Amino acid sequence: MRPYIPKAHFCYADDSGADQGRTLTGLLVPEEGWNDLLHRWLEGRRGLEETWGISKNTELHANSLVKGRGRPCATDEQNQRFGRPARLAAHDLMMRQLARCASLRVLTVAGRTAQIAEVYQGFVDHLELWALEQDTRVLIMYDGQAGPEDSSSMAQEDAQKLWDQAVRNASPYRAAHRRLPLTTRRILEDPIMQDSRYSQFIQAADMVGYAAFHHLGLAHPEVWPKMNPVGAMSKSYRRLSQHWLPGHGTDGIVWLDTDGA
């Protein structure tokens, strides 16, 4: 009889929102589904390259993509053709690709606060309860720099300053993990900070999180009065409806306060 081995999940997380409303979205994938998720995502990246000339190594940042900032395409002619309809279509293509991964789960936590660390704390607490229900364990990868990319050409003092800054920036997130009871905690280790420029799945979390933000903006204009939510983004978010954590909030979104639902 084979021994029971508890499963584990990877969670790729990124934040969104503005002003007094912040959100944090996590993409959860079990270890056995990781390869399939990457296959689906890279398949979408090939579609972006073939259709619009966006290299698979170009960072996808949803805010810039949807608002038309930057020049993500390979040529000037392609960038000129890459207008608003094409940008929304490119975002939707990637959301459809994520929806093809059967094992993917999506969780967004929202709070009426300007402090993302508060939302991260609620995100960790909620994910801890979910992991206990599912008898799984979770490693969280979060958007952020872990330190200097290459310190070989830097003065030791300058490199140390960058490392110290990265450690300080991650302090509130480490604290959210370390306050969990050691003997029972399901969220393993400290958060692993990953620069979105080099992580396809952090970019994927950004794309989903930005769509969830617009989905919330349509339903709660009082939280973001200056926002002009895009209906097409909400539609893209709803493509993942089969992947929202069941029984966790509305539309896969959990509000930290009692007035938000």
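Which residues of the largest nonpolar core touch the most other members?

## The main core

Of its 47 residues, Trp-41, Leu-48, Trp-52, Phe-82, Leu-98 and Val-208 touch the most other members. A nonpolar core here is a set of buried Ala, Val, Leu, Ile, Met, Phe, Trp, Tyr and Cys residues joined through side-chain atoms within 4.5 Å. Buried means under 20% relative accessible area, exposed over 50%, and partly exposed in between, with a 1.4 Å probe and protein chains only. The model is predicted: local features need pLDDT of at least 70, side-chain atom pairs count only at pLDDT 80 or more, and totals for chains, interfaces and linings use all residues. Residues are numbered from 1 along each chain as its sequence is written, and side-chain values use heavy atoms, with hydrogens and water left out.

At least two residues of this core come from each of β2 (21-30), α1 (34-52), α2, α4, β3, α8, α9 and β6. The largest share, eleven residues, is supplied by α8. Helices (H or I, at least four residues) and strands (E, at least two) are DSSP runs numbered from the N terminus. Trp-52 touches Cys-73, Gln-78, Phe-82, Ala-86, Ala-89, Ala-90 and Leu-93, not counting residues up to four places away in sequence; contact means heavy atoms within 4.5 Å. Another core, of 25 residues, lies apart from the largest one and includes Leu-24, Leu-107, Tyr-142 and Leu-180.

In helix α7 (residues 171-178), the buried residues are Tyr-173, Arg-174, Ala-176 and His-177. They line one face of the helix, because they fall within an arc of 155° when seen down the axis of α7. The arc is that of the directions from the helix axis to the C-beta atoms. An α-helix has 3.6 residues a turn, so residues three or four places apart point the same way.

Helix α9 (residues 231-238) has Met-233, Ser-234, Ser-236 and Tyr-237 buried. These cover an arc of only 160° around the axis, which puts them on the same side of α9. The elements against which the buried residues of α9 pack are α2 (62-67), α4 (84-99), β3 (105-111), α8 (200-219) and β6 (253-255).

## Positive phi in two loops

Most residues other than glycine have a negative phi. Asp-135, in the loop between α5 (116-134) and β4 (136-143), has a positive phi of about 55° although it is not a glycine. Asp-135 is partly exposed, with a relative accessible area of 28%.

Glu-189 is placed in the loop between α7 and β5 (192-194). Its phi is near 60°, a positive value, and at 55% relative accessibility Glu-189 counts as exposed.

## A residue of strand β5

Ile-192 lies in strand β5 and is partly exposed, at 34% relative accessibility. Leaving aside neighbours within four places in sequence, Ile-192 is in contact with Leu-139, Ile-140, Met-141 and Tyr-142. The C-alpha atoms of Ile-192 and Gly-144 are separated by 8.7 Å, with the two residues 48 apart along the chain.
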